[in-house]
Amino acid sequence: MASSLLRNPNLLSTTPSLPTFSSKPTTPFSFRVQPSRHCSISLRSQTLRLSCSISDPSPLPPHIPLRRRPEYIPNRISDPNYVRVFDTTLRDGEQSPGATLTSKEKLDIARQLAKLGVDIIEAGFPAASKDDFEAVKTIAETIGNTVDENGYVPVICGLSRCNKKDIERAWDAVKYAKRPRIHTFIATSDIHLEHKLKKTKAEVIEIARNMVRFARSLGCEDVEFSPEDAGRSEREYLYEILGEVIKAGATTLNIPDTVGITLPIEFGQLIADIKANTPGIENVIISTHCQNDLGLSTANTLSGAHAGARQVEVTINGIGERAGNASLEEVVMAIKCRGDHVLGGLYTGLDTRHIVMTSKMVEEYTGMQTQPHKAIVGANAFAHESGIHQDGMLKHKGTYEIICPEEIGLERSNDAGIVLGKLSGRHALKDRLTELGYDLDDEQLSTIFWRFKTVAEQKKRVTDADIIALVSDEVFQPEAVWKLLDIQITCGTLGLSTATVKLADADGKEHVACSMGTGPVDSAYKAVDLIVKEPATLLEYSMNAVTEGIDAIATTRVLIRGSNKYSSTNAITGEEVLRTFSGTGSEIDIVVSSVKAYVGALNKMMDFKENSSPTKIPSQKNRVPA
Ligand code: KIV
């Protein structure tokens, strides 16, 4: 809120009910004001990039909201304007094709989500597979027990269908957290009742009521219930089933627009109607869960919050089933920028400066690339191309920019162009990484620095894009089972390509294989297959040169599918799905880059296998409520 006001001073003078701003914290409504800033502009390829640097020698970090997060009580929020952020990147997001995450990656993301300050982490669907179960349990045991100095610890939530086995599994995974939550769901729309569940409305109410009661009986005091496909469910029926689950002990009622069909005005009305007509609704929290099939998930979520929802279910970068979910960064920044003026004072407890790092981590780990024009976190979100915009920016930043880049964790104190070369030291690299939004520990920095030096020996100028590629190649990699040591290729027009590949296994033992193929990549992949001996189908392969010039770093992305032992249960359809695994590699040599990506994807797949043996549970439609 403070930031957008600072960007637009007029808003300060025209809004009567604003809290005062002070450089000293005065709880509960105070903000630190930024020290004075100056702005420098660099023109590169006709793109103006804003460079902010802080002129105060000991600046305060920008815009730290000191608004206190209300104490966590499952079914009540003491401040009516506080909106809980429920992140489902690790559950709904991970359901996106190709987005499979390893347990370690899930743990890293959960840790980052806690830094960001989300209220609830939906860590997975524990009944999906042993791998999913273990990941949720580990997150509950670690992140779910790390309490910060303000008493904040995220709620750790596990999804379950409305059956005893799923619910027990979810509870067994989340119960180690300080604040465990079970989220159970069953469909309520006519089309789902008739064709998917083959049950009557009364039967579904009975299941929902019994299963919420069952979840509570296990000792779980925080139970969320979702009437799946609420967006297409009959209103009176919704009021009835929701009223019944409240009586059975539900503490949050989540309203999913499962197929993303509603328009903002409709979704807002749905929330308002539920609020007005559901018996006992004043004793629970209403939540939104908006899919993005019509590109309206953010708008619908905000409309829901405006109508009274006080929990929003979102994912980083908006990833999720089909067209994805409402994106955390869009919803949170919209509330931050406009919550006071347009949404009656709504706010969240997030430290938005961790948005960029979280977004990059999710992008790299899932292999789901964010489009350049993605709001808030896209590469172009703070770039200004046109002459008119550049002129405006030079005169006043607020003319074309509604958010300071620093607020989401981007700092621009150097030109966005070439900044580093082979004489640049560790410190310069660390500074540039921070400016780009990466918050790396010392060990990660050392690894990157070593790679950076190697690249800088080969390239005169190391650009931001090069650095980002190196971070992706070194930091955001799955645990290595196999590691590429050496590769030798013969290819050309005279015959078949041949490749000799040397890999090291987890114990460091070296393995060498040779193979022929239709080209250098094909022959190299076949040689890798001879060593790894895990059949995999290459589904997608793409390569990008991250910068211009013959010495550019090439980033390869691949997507593979293994045999049917790499499967899990889809929460929504109940089907067994073959998992797909992504991998990336970045190198100046394109074949090395390609092989690294392939080995990375195989490592990810094998990590899944090590933990996994799918939990078979009859799908909802065949189960009789216990
Ligand atoms: O889209 C949906 O309906 C869901 C529910 C499980 C909340 O993901």
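**A buried glutamate and a well-wrapped ligand**

E244 sits in helix α8, which covers residues 235-248 (helices are DSSP runs of H or I with at least four residues, strands are runs of E with at least two, and both are numbered from the N terminus). The model is a predicted one, where local features need pLDDT of at least 70, side-chain atom pairs count only at pLDDT 80 or more, and totals for chains, interfaces and linings use all residues. Numbering starts from 1 along each chain as its sequence is written, and side-chain values use heavy atoms, with hydrogens and water left out.

So is E244 buried or exposed? It counts as buried because its relative accessibility is 18% (buried is under 20%, exposed over 50%, and partly exposed in between, with a 1.4 Å probe and protein chains only). Setting aside neighbours within four places in sequence, E244 is in contact with I205 and R209 (contact means heavy atoms within 4.5 Å).

Now for the ligand. Residues around the ligand include H183, F185, S226, E228 and N254 (a residue is near a molecule if one of its heavy atoms lies within 4 Å of it). Sorted by class, this shell holds three nonpolar, six polar and three charged residues.

For R91 the distance is 3.0 Å, and for D92 it is 3.5 Å. A polar side-chain atom of T258 lies 2.6 Å from a ligand oxygen. On its own the ligand exposes 260 Å², and the protein buries 98% of that (areas come from the Shrake-Rupley method with a 1.4 Å probe). Strands β6 (180-187), β7 (223-228) and β8 (252-257) each give two or more residues to the shell.

Terms used: A polar contact is a pair of N or O atoms within 3.5 Å; within protein, one must be able to donate a hydrogen and the other to accept it, and residues adjacent in sequence count only if both atoms are side-chain atoms. Ala, Val, Leu, Ile, Met, Phe, Trp, Tyr, Cys and Pro count as nonpolar, Asp, Glu, Lys and Arg as charged, and the others, Gly among them, as polar.
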